[in-house]
Amino acid sequence: MTQAPSDSPRDASETLDPDDWDALRAQGHRMLDDMFDYIAGVRERPVWRPIPANVRARFREELPRSGGDLDEIYREFSDSIAPYAAGNVHPGFMGWVNGGGTAVGMLAEMLAAGLNANLGGRDHIPIEVERQIVLWMRQMFGFPDTASGIFVTGTSMANLMGVLVARSARLGPSVRERGLPDRGGGLTAYTSVVTHGCVAQAMDLAGFGTDALRRIPVDRCHRIEIDALRAQVAADRAAGLEPFLVIGSAGTVDIGAIDDLAAVHAVCREENLWLHVDGAYGALGVLSPEIAPRLAGLERADSIAFDFHKWGQVPYDAGFLLVRDGEQHRRTFAAPAAYLRRETRGLAAGSPWPCEYGPDMSRGFRALKTWFTLKAYGTEKLGAMIARTCALARYLEAKITAEPKLELLAPVQLNIVCFRYRANDADRINAAIVASLHESGIAAPSTTILDGRLAIRAAIVNHRTGTRDIDALVAAVLEFGARETKARKTGS
Ligand SMILES: *Cc1c(COP(=O)(O)O)cnc(C)c1O
């Protein structure tokens, strides 16, 4: 005979709740305090440190069959996880384009996890919080009341969804049943050669194939060449193809270039093309009165993809897609299902549900950490912080141009500085300098290739970065550069 389930929900031994809430509370408070210390004291630690083999090996354990002691598990976290994080919380982190996060965002994440809200649908306030962000984003980007928006993992996903909305706008809803005509129906899209790789991937995943993405040359500041864009669209039309989409850039990942979005929009209007903008990190530049004018034209895009987790400093992950024509957006993804039936009252009310605006059914409460961030700091302070990262980039630029051993490799337009140490065999020397910088824990820039030359790339995104971090970066590059060239000369 099977035993009947116990009648009392307070019988903690059968649930996953603790036997002793007081003990858990004390443990939780310790964790919270430790994490505040971790963030407050981040400057005292190296940006990153190499992971010892024995630490890595700790994560090759057997699947646990019986539970362990929370104290012990937390000790493993403190000893083996926290010290070996990527370091993007640290002010010396300048690699790739990563946000620094905030303690406010962390607290909001904790609250969201406590609510365990699922924002796929139904009628509950967490969805209204996400709708509040949609409303704010319409206002921020000058979009109409009919625009829709949705949180996603990041801009890679938002770009893919933008391509899918443009696809269904061009081909109509039947594309969802029939799929694309042979070879993508000859539909072609346009972007600059320096656009992030996730855009080509979006064309692949959307079924067009990456060959259908035309990569247009850029000017010296890495902005798309408008005449070349026009010429390619005309050539493709003449060849019987069907141009349908342009992906503009608001802050390229390599050097932070912003396309002339007003000019790109003019081409799109003349040629009847969808304008999607990859604004992964740069779009939030609208918050800075200094940067906003350079984003002119963004307000006319059909869709914008961007991240709150980069310049917005919201903890990972918090990507967002904003679409001018909300109904077109919904038609791209909505699918009726009996088990998702809507009502006009009760918990099944509140239609339309967020799950109609993207491929995810279950969705976390990314909106809460973003709501907390926007309310706690306000757009003025966030805009000032964004402008400050650009000022730091100019500070670094000035230090580089004043130092004969260093060479600037691209014009500084926003917050990204590409430079290198002058040397014979400079590619290898500079790659070695960057690896040594990482291992030293002083600073963590990344590298990129510009005109076939390896560049040290410092993307200043973290709100904690200051002039002393820039000074430390430059001093360390000079020191490691001298060491590397000497080592090479002596053949050691
Ligand atoms: C970071 C970035 C992406 C990718 O965004 P994720 O949030 O990492 O998916 C796309 N485009 C640009 C310009 C970026 O900087």
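Which residues line the largest cavity? The legends below take up this question and then turn to other close-up views of the structure, which is a predicted model.

**View 1. The largest cavity and the residues of its lining.** The lining of the largest cavity is made up of Met137, Met140, Leu284, Leu287, Phe308, Gly312, Val314, Thr373, Leu374 and Leu382. Helix 5 (125-141) and helix 12 (366-401) are the elements that give two or more residues to this lining, and helix 12 supplies the largest share, with three residues. By residue type, the lining of the largest cavity holds eight nonpolar residues and two polar ones, with no charged residue. The space inside the largest cavity comes to about 50 Å³, and the count of cavities of 30 Å³ or more comes to one.

**View 2. The largest pocket and the helices that contribute to its lining.** The largest pocket, with a volume of about 1300 Å³, is lined by 44 residues, and of these Met31, Met35, Phe77, Met106 and Met110 lie nearest its centre. The elements that give two or more residues to the lining of the largest pocket are helix 1 (21-40), helix 3 (70-81) and helix 4 (103-115). Which helix gives the largest share of this lining? That share, 10 residues, comes from helix 1. The lining of the largest pocket divides into 27 nonpolar, 12 polar and five charged residues.

View 3. A nitrogen atom of the ligand lies 2.7 Å from a polar side-chain atom of Asp278. On the side of the ligand's oxygen atoms, an N or O atom in the side chain of His309 is 3.0 Å from an oxygen atom of the ligand, and a polar side-chain atom of Lys310 also lies 3.0 Å from an oxygen atom of the ligand. Of the 380 Å² of accessible area that the ligand has on its own, the protein covers 84%.

**View 4. An aromatic pair formed by Phe151 and Phe308.** The ring centres of Phe151 and Phe308 are 5.6 Å apart and the ring planes stand at 35°, so the pair is tilted. Distant parts of the chain are linked by this pair, since Phe151 belongs to strand 1 (residues 148-152), whereas Phe308 belongs to the loop between strand 6 (303-307) and strand 7 (319-323), and the two residues are 157 residues apart.

**View 5. Two cis peptide bonds, at Tyr316 to Asp317 and at Ser351 to Pro352.** The peptide bond that runs from Tyr316 to Asp317 is cis, and its omega is near -10°. Asp317 is found in the loop between strand 6 and strand 7, which is the loop that holds Phe308 of the aromatic pair. Ser351 and Pro352 are likewise joined by a cis peptide bond, for which omega is about -5°, and Pro352 has its place in the loop between helix 11 (326-333) and helix 12.

**View 6. The backbone at Asn272.** Is the phi of Asn272 positive or negative? Although Asn272 is not a glycine, its phi is positive, at about 55°. Asn272 lies in the loop between helix 10 (261-271) and strand 5 (274-278), and Asp278, from which a polar side-chain atom lies 2.7 Å from a nitrogen atom of the ligand, falls within the residue range of that strand.

Technical notes: Residues are numbered from 1 along each chain as its sequence is written. This is a predicted model: local features need pLDDT of at least 70, side-chain atom pairs count only at pLDDT 80 or more; totals for chains, interfaces and linings use all residues. Side-chain values use heavy atoms; hydrogens and water are left out. A polar contact is a pair of N or O atoms within 3.5 Å; within protein, one must be able to donate a hydrogen and the other to accept it, and residues adjacent in sequence count only if both atoms are side-chain atoms. Accessible areas come from the Shrake-Rupley method with a 1.4 Å probe; for residues, only the protein chains shown count as cover. On a 1 Å grid over the protein atoms alone, a cavity is a set of points where a 1.4 Å probe fits but cannot get out, and a pocket is an open set with protein on both sides within 12 Å along at least five of seven lines; lining residues have an atom within 4 Å of a point. Grid points are joined across faces, edges and corners, and a volume is the space filled by probe spheres set on the points. Helices (H or I, at least four residues) and strands (E, at least two) are DSSP runs, numbered from the N terminus. Ala, Val, Leu, Ile, Met, Phe, Trp, Tyr, Cys and Pro count as nonpolar, Asp, Glu, Lys and Arg as charged, and the others, Gly among them, as polar. Rings of Phe, Tyr and Trp (its six-membered ring) pair if their centres lie within 6.5 Å; planes under 30 degrees apart count as stacked, over 60 as edge-to-face and the rest as tilted.
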